[in-house]
Amino acid sequence: MPFATAHTVSVQGAVGHLIEVQADVSPGLVGTTVVGRPDVSLNEARDRCRMAIMNSELDWPSTKRVTILLSPADLAKRGTHFDLAMAVAVMAANGTVPCSSLVGCLFLGELTLAGGLRSVPGVLPMVLAAARRGITEVYVPEPQAAEACMVPGVAVYGMRSLAQVAAQLAGEEVPDAPPVAEQSGSQLLTWRGDDRLDDTDMVDVLGLPDARYALEVAAAGGHHLMLTGPKGAGKTTLAERLPGLLPDLDHEQSLELTALHSLAGVLDPARGMLTRPPFAAPHHDASKASLIGGGTGRVRPGEISRAHHGVLFLDEFPLFRTDVIEALRQPLESGDVTIARGEESATFPARAIVVVACNPCPCGDYAPTARDNRCTCGERVRRDYRSRITGPLSDRIDITREVAPVRGPGAAAFGPPESSADIRSRVEAVRRRQQERYDGCGWRLNGHVPGPALRELWPLTTPAQQLLDEAIGKGVLTRRGAVRVHRLAWTVADLAGGAGPGESELQTALRLRTGEPLLLTDLGQRAG
């Protein structure tokens, strides 16, 4: 049969599209043509596939015209993972393997000239997309078989060479082949640095009861948090312990996060699926592409997407580049990132809890009282430093806390500190309440619910709404800020075990939002 079809996947952002690789082998001017909007790497695949087939001692139609269509043809395609599907389609069209064996199969992998397979990034999201379209068998490079097996309901074949794939499809004995080299581990090491957080615990945080409570509220409701205060006050200490307050990821979240890491090329298959919320703390010199996503060639998810369902900590926030700071507006507001390039647009989820920390001035010693103030910066320097955090950006951050250094016996005034495990148990209970409340709505946490839905389905009591309207009228809150206070009030009520937010819960939410010190009654609003 001079015509055959194999299947692979093209990924745009975090969305995978099933691609039909159609090969036609017929008489005509000898040559190989690839059509269907291929990029440079796909045009070069013609030579890789031809040499891989010939060097595997398989038949290449060297006296005929070979046409390869990547369908749908209007979708731009890029990447070397198309190689295996293109080679298999040509072999089936040429009669080397039966066309019937390609039905329901997915082929992913780059080919070497010797016919070996090489690993490619993004196997997990590609297999996920294919499984949703009815694919039941997957052929991938051997080191990535474990990654593909994370998707239930598909049979995975980990192969070393094109000859092994051809033998398996033809029902013949699979020959031996050299092992496939794994992907470079240089990127993987960058994501093993958060293992050091396994030993951190909230019992190490002495004093700071209002900051501890703000951290618990942020963890329970998925709220963004800004920590300000002089150097050494404990901002980084608090932020690094926030992931320990978050519950383990459920299967859906784990699969989504692992797929994002696979797309970024930082997934270590040996570690299996990611089950704990991630923590990312990029340096303040990070570029916009590394933090938000992008890069040359294939668009990759940035740090904020790799921290999906976890925590993104931005220390020394005013020192980040202006374009990076302003680019955070979209993910802080909508929970995703869209990167547009010409005709291409890629969207990645970015539902991380963003924690930003900043000093009051460049030297970090400024204090509002003259007795504690050791700042050497001029007023203009301090003003310029603070102005880097623009109003529209800070308006998208739910909680603001000033962290003051604990001196003298103040740390023991509130008794022994709670452990992360104790706080996490409360956070888990609160999150279960939220999931029940928003079941079928598409949201998980209070921090994700749109304002119109909150006002219509989960409104405040009349006194609480009047208090909120009064804050808007005085200019204390914008309309966006009011929505965030409404969300915070629900989280405060959930922690207190109440049926819903009243005036007391709204007052606590207002203090969390505006940065005013919390009262002792506020700190008691949590479930026992």
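Okay, the sheet: four strands make an open one, ordered β1-β2-β4-β3, with mixed pairing. Strands here are DSSP E runs of at least two residues, helices are H or I runs of at least four, and both are numbered from the N terminus. Two strands count as paired if DSSP finds at least two bridges between them. At the edges sit β1 (3-12) and β3 (31-35), each with a single partner strand, so one side of each has no neighbour in the sheet. Ignoring direction, neighbouring strands are turned by 20° against each other on average, with axes being lines fitted to C-alpha atoms.

Keep in mind that this is a predicted model: local features need pLDDT of at least 70, side-chain atom pairs count only at pLDDT 80 or more, and totals for chains, interfaces and linings use all residues. Residues are numbered from 1 along each chain as its sequence is written, and side-chain values use heavy atoms, leaving out hydrogens and water.

Back to the strands: β2 (residues 15-26) and β4 (residues 65-71) run antiparallel, joined by seven bridges. Opposite Val21 you'll find Leu70 in β4.

Now helix α18, residues 462-473. Which of its residues are buried? Ala464, Leu467, Leu468, Ala471 and Ile472, where buried means under 20% relative accessible area and exposed over 50%, with a 1.4 Å probe and protein chains only. Down the axis of α18, those buried residues fall within an arc of 140°, so they line one face; the arc uses directions from the helix axis to the C-beta atoms. On the other side, Thr462, Gln466 and Gly473 are exposed. After α18 comes Gly475, with a positive phi near 85°.

Note on methods
Axes fitted to C-alpha atoms, helices over the stretch in contact; angles between N-to-C directions.
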